[in-house]
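Keep the structure in view as you read.

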Amino acid sequence: MAYSAGFTPHPRVSYANAAPTGTASEAEYLEIALSERRDPEELRARLDESLPAGLDITDAVEARVSDFADRLAASVWELRLDGVEPDEAALAVKAFLAADTVEVSRQTKKGVRTFDARAAVVALESRAGGSDGPAPRPCAILRLVVRHLTPAVRPDDVLSGLRATADLAPPVPAAVTRLAQGPLDEETGTVTDPFAPDRDAAQRTAAVPEIAG
């Protein structure tokens, strides 16, 4: 691993758009600078072995294109709402999407800030979810696609917006998981692979024939 220069060298590791505290995630990214070139798959395997169970490195690529953080333009989230009837959640989603603006407030380091949570939401869908335990209870699952704007609109802001527009108040805290983050395909509303430019650049390099002199 490469280190910074100066009197107090630090590992050159940068985290891009980390998930909010209290949420689970299957799509977190970091960039590591190395002092020498290594095979990405070997690096992935060695890092994965060194991490505790449940924290897995699923993929690694060699950086071929700059500005990786700028590619993380949107996220896909799953929100599990235990104790909420699916029909109630569907009506709340419909009301939220029908609104032109949905103002919510959040405590920040600079005090309470009010902003529009609706503008960042690309897609919001609801479906019925399974319930755990011997006694079945209602459960709704929300799938959310949100743009990364400033200020960032988080899943809890969308839940606040659902409460404001449709009085949806889950009896227990939502279980929130980020499923993906990356470039946003505006035509389909889907989030694509942020590693794609690096993979394409690597393939182009490999396709260039070597000429013996």
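A salt bridge here is a side-chain nitrogen of Lys or Arg within 4 Å of a carboxyl oxygen of Asp or Glu. The model is predicted. Side chains of opposite charge can pair when their charged atoms come close.

Start with Glu-78 and Arg-127. Their side chains meet in a salt bridge, at 3.5 Å from N to O. Glu-78 sits in strand S4 (residues 74–82), and Arg-127 in strand S7 (residues 121–128), so the pair ties together parts 49 residues apart in sequence. Glu-78 is partly exposed, at 27% relative accessibility. Arg-127 is partly exposed too, with a relative accessible area of 48%.

Next, find Arg-106 and Asp-157. They form a salt bridge whose closest N and O atoms are 2.3 Å apart. This pair also links distant parts of the chain: Arg-106 belongs to strand S5 (residues 103–108) and Asp-157 to helix H4 (residues 155–166), 51 residues apart. Are these two partners buried or exposed? Arg-106 is buried, with a relative accessible area of 14%. Asp-157 is buried as well, at 2%.

Salt bridges can also share partners. Glu-36, Arg-38, Glu-42 and Arg-46 are joined into one network in this way.

Now turn to Glu-28 and Arg-178. Their salt bridge has its closest N and O atoms 2.8 Å apart. Glu-28 lies in the loop between strand S2 (24–25) and strand S3 (29–32), while Arg-178 lies in strand S9 (residues 175–182); the two are 150 residues apart. Glu-28 is partly exposed, with a relative accessible area of 37%. Arg-178 counts as buried, at 2% relative accessibility. Across the whole structure, a search finds 15 salt bridges.

Leave the pairs and look for open space. The largest pocket holds about 1400 Å³. It is lined by 49 residues, and the closest to its centre are Tyr-29, Leu-30, Glu-31, Ile-57 and Asp-59.

Which elements build the lining of the largest pocket? At least two residues each come from strand S1 (13–16), S3, helix H1 (40–50), helix H2 (68–71), S9 and helix H5 (196–207). H1 gives the largest share, five residues. By class, the lining has 27 nonpolar, seven polar and 15 charged residues.

Note on methods:
Residues numbered from 1 in each chain as written. Predicted model: local features only at pLDDT ≥ 70, side-chain atom pairs only at ≥ 80, totals over all residues. Heavy atoms only, no water. Helix = DSSP H or I, 4+ residues; strand = E, 2+ residues; numbered from the N terminus. Buried < 20%, exposed > 50% of the residue type's maximum accessible area, 1.4 Å probe, protein only. 1 Å grid on protein atoms, 1.4 Å probe; cavity = no way out; pocket = protein on both sides within 12 Å on 5 of 7 lines; lining within 4 Å. Points joined across faces, edges and corners; volume = space filled by probe spheres on them. Nonpolar A, V, L, I, M, F, W, Y, C, P; charged D, E, K, R; others polar.
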